[in-house]
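Please consult the sequence and structure shown here while reading.

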Amino acid sequence: MPMIELVDVTKNYRTDLVETCALDSLSLAIEEGEFVSVSGPSGSGKTTFLNVVGLLDTFDQGTYTIDGQDVSKLTDRAQSRIRNEKIGFIFQGFNLIPDLDVFDNVDVPLRYRRLPREERRERIVRSLELVGLGGRLKHLPSQLSGGQQQRVAIARALASDPRLILADEPTGNLDSATAAEIMHLLHEINEEGATILMVTHDAGCAAQAQRQIHLLDGRLIDYRPTEAPNIRLSQIAPVS
Amino acid sequence: MEIGPIFRSLSRNKTRSILLILEIAVTLAIVLNCWNLMMQQRESLMRPSGIDEKNIIAVEVQTFGPDYQDWEYRRQVVSRDVAALRQLPGVIDATPISNFPLQGGGSSLQAKPLGARDTALTRAPVYTVDDHMLRTLDLEIVAGRAFEAGDLRSEDGPVIMNVIVTQDLAEALFPDGDAIGQTIDTGSEEWPDIIVGVVDAMHTPYGGGPMESQILFYPGFASRASGMNYLIRTEPAAFDSVFSAVDGVLLESEPSRVVQVQTLLEIKGGGQVISRFSVQVLSTIIGLLLFVTTLGIYGMTSFSVTQRTKQIGTRRALGASQGAILRYFLLESLVVTLIGSALGLIAASGLDVLIASQMDSERLGPTVLATGILLLWSLAILATIVPALRASKLSPALATRTV
Ligand SMILES: Nc1ncnc2c1ncn2[C@@H]1O[C@H](COP(=O)(O)OP(=O)(O)O)[C@@H](O)[C@H]1O
Ligand SMILES: [Mg+2]
């Protein structure tokens, strides 16, 4: 069973003037442990795709199952819980909370999980050390460089031990040297077993993924379900 | 819970929260004290007068001419007038009186037990009435005796007087016990007064405070060169007929006078004007302040929701349910309200001390404190819930929106 499976998922944005088809009958399966990059021109639906996969947005038609669970049937609480426990998000703009220091920022998802104080502290320190920021617990985001902020955001995503990391242009706001460091970090995380789905503009970054998919006008192009399999070949189910 | 991070986040945004905290504190301090004063005014308005006010007619007589300069002449006129009034069918009794009760003021003096220090001085409204006072007002003697004809002065000038006091005044002057037979000093140690009777409760508006029921009665033919006042109590059925007969009766014996007849209820209405006005002013202040502060809390929450849409989306992405977002904003506003309330309570006590030093009023009590604070908190929750609900309905997809 694939970890993520979309079948004919369609998503339209309706405004007063226009209706945009952001995802057009999209079908796709992602296995646990894969590192997948999503690329395509601006407006091709990459973010929308990531939002749907991350349960940040609804869709109009089709089905989406995560670990075999049909998400459209879940309540807000259950969806929030999946986001909290299974998924770690990394954003282009880092999305740290400016009024909270590094420690409190990483603490945010752990509090929603109602973990005991000691365990939260251990996880926060461990994941910040992993991204090389063990000594910056009391810094505010504004006191950190862009690369450091993105590391905090990655630590925040990692702190709850998610099995799926969703990243929307994680290197989009960073210079190329810093971007390379972040990519390196993502690879390490993937090697630890986490599934990574990364949206990127950058062809170089996309090429580093084990599997690349391309979007155009909300549709997959050149889609080959089993392209660049990395692990557990036997588990990959064919998707038509 | 999230209290720790909320507190730290607020303290990094001091300017935003401090203004609101101050607004809440000032509002609470003023509202609590205004409320306290208003409750006292209302209590004073609601309080029974203790006299048969519905069935009493108040007569004001204006006199002219040199004859009325003479005390003895006036004494005769007053005696004749009240005798004639008492003859009217349906009249229960009548008395001359120095000032009308319930008019919201009048004449007062300070009394203390003879020989006591000035700190024992108690202010009391004072009325001069004759030996028909009890039946006219419908008061009852609870200790000692009523006025007798012999108590009434037979000449003008200083004398030792027998007086009647209300029970509240008796207790204020002699807290340890029997006031009957005690001597009180009302300004002259040489001519003190002796308490011969204590009547049950009577209350007359006099600007608030305990003095309103601590009343002192002198016996006499209350009159001045410019006129005299009478109170007439009637059977309920005879009220109207007596009312219209009064000026005829009075003018028959002494035509060169002006007689104005009113009901005591009309006088009471006039006496309550200031109290009613105070209640209105105070309740308007309370209402406005609470309204403005509610608006302030609404504004702050609304602003902080609008300003943090991206953060809300991010929190949702990180696992916050709609309920968690709602709770976050409610808690944040609660923290601000609690700090403001704590400061407000301190300020309220300060203001209370200041007010108590300026006027004879009751101190802030737990009932007013509790109701005031609960009201403010309910308004705070009400003001927060609307923007907080809006926040909880924001889409998690805001997290990935780039503009
Ligand atoms: N909230 C929205 N309302 C209306 N249209 C939207 C919204 N978000 C995205 N779109 C439209 O949907 C299409 C896909 O957008 P998006 O997924 O953000 O593309 P990408 O991330 O590949 O640039 C675009 O045409 C965009 O204008
Ligand atoms: Mg995008």
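The sections below take up conventions, helix packing, and then individual residues.

## Basis of the report

The model is predicted, so that local features need pLDDT of at least 70 and side-chain atom pairs count only at pLDDT 80 or more, whereas totals for chains, interfaces and linings use all residues. Residues are numbered from 1 along each chain as its sequence is written, chains are lettered from A and ligands numbered from 1 in the order in which they are written, and side-chain values use heavy atoms, with hydrogens and water left out.

## Helices α3 and α4 of chain A

In chain A, helix α3 (residues 102-112) packs against helix α4 (residues 117-130) at an angle of about 125°, and their axes are 10 Å apart. Helices (H or I, at least four residues) and strands (E, at least two) are DSSP runs, numbered from the N terminus. Axes are lines fitted to C-alpha atoms, for helices over the stretch in contact, and angles run from 0 to 180 degrees between N-to-C directions. α3(A) and α4(A) are therefore oblique to each other; angles under 35 degrees count as roughly parallel, over 145 as roughly antiparallel, 65 to 115 as roughly perpendicular and the rest as oblique. The crossing of α3(A) and α4(A) is right-handed. A crossing is right-handed if the near helix is turned clockwise from the far one by less than a right angle, and left-handed if anticlockwise.

On the side of α3(A), the contact (heavy atoms within 4.5 Å) involves A:V102, A:F103, A:V106, A:D107, A:L110 and A:R111. The residues contributed by α4(A) are A:R120, A:R121, A:R123, A:I124, A:S127 and A:L128. By class, this contact of α3(A) with α4(A) comprises six nonpolar, one polar and five charged residues. Ala, Val, Leu, Ile, Met, Phe, Trp, Tyr, Cys and Pro count as nonpolar, Asp, Glu, Lys and Arg as charged, and the others, Gly among them, as polar.

## Helix α8 of chain B and its partners

Helix α8 (residues 273-307) of chain B packs with helix α10 (residues 322-358) of chain B at an angle of about 140°, with 11 Å between their axes. α8(B) is therefore oblique to α10(B), and the crossing of the two is right-handed. From α8(B), B:I297, B:M300, B:T301, B:S304 and B:V305 meet B:F329, B:E332, B:S333, B:V336 and B:T337 in α10(B). This contact of α8(B) with α10(B) has five nonpolar, four polar and one charged residues.

α8(B) also packs with α2(B), at an angle of about 155° and with axes 9 Å apart. α2(B) is therefore roughly antiparallel to α8(B), and α2(B) passes α8(B) in a left-handed crossing. The contact of α2(B) with α8(B) has 19 nonpolar, nine polar and four charged residues.

## B:T27 in helix α2

B:T27 belongs to helix α2 (residues 14-46) of chain B. At 2% relative accessibility, B:T27 counts as buried; buried means under 20% relative accessible area, exposed over 50% and partly exposed in between (1.4 Å probe, protein chains only). Apart from neighbours within four places in sequence, B:T27 is in contact with B:L289, B:L290 and B:T293.

The side chains of B:T27 and B:T293 are joined by a polar contact of 2.5 Å. A polar contact is a pair of N or O atoms within 3.5 Å; within protein, one must be able to donate a hydrogen and the other to accept it, and residues adjacent in sequence count only if both atoms are side-chain atoms.

## Buried elements of chain B

Helix α9 (residues 309-317) of chain B is largely enclosed by the rest of the structure, because seven of its nine residues are buried. The buried residues of α9(B) are B:Q311, B:I312, B:G313, B:T314, B:R315, B:R316 and B:A317. Just after α9(B), B:G319 takes a positive phi of about 120°.

B:F174 lies in the loop between α5 (167-173) and β7 (183-185) of chain B and is buried, with a relative accessible area of 12%. Not counting residues up to four places away in sequence, B:F174 touches B:P113, B:A179, B:Q182, B:T183, B:I184 and B:I195.

## Positive phi in chain A

Most residues other than glycine have a negative phi. A:L55, although not a glycine, has a positive phi of about 60°. A:L55 is found in the loop between α1 (46-53) and β4 (61-66) of chain A and is buried, with a relative accessible area of 5%.

A:E169, also not a glycine, has a positive phi of about 50°. A:E169 is found in the loop between β7 (164-168) and α6 of chain A, and counts as buried at 10% relative accessibility.
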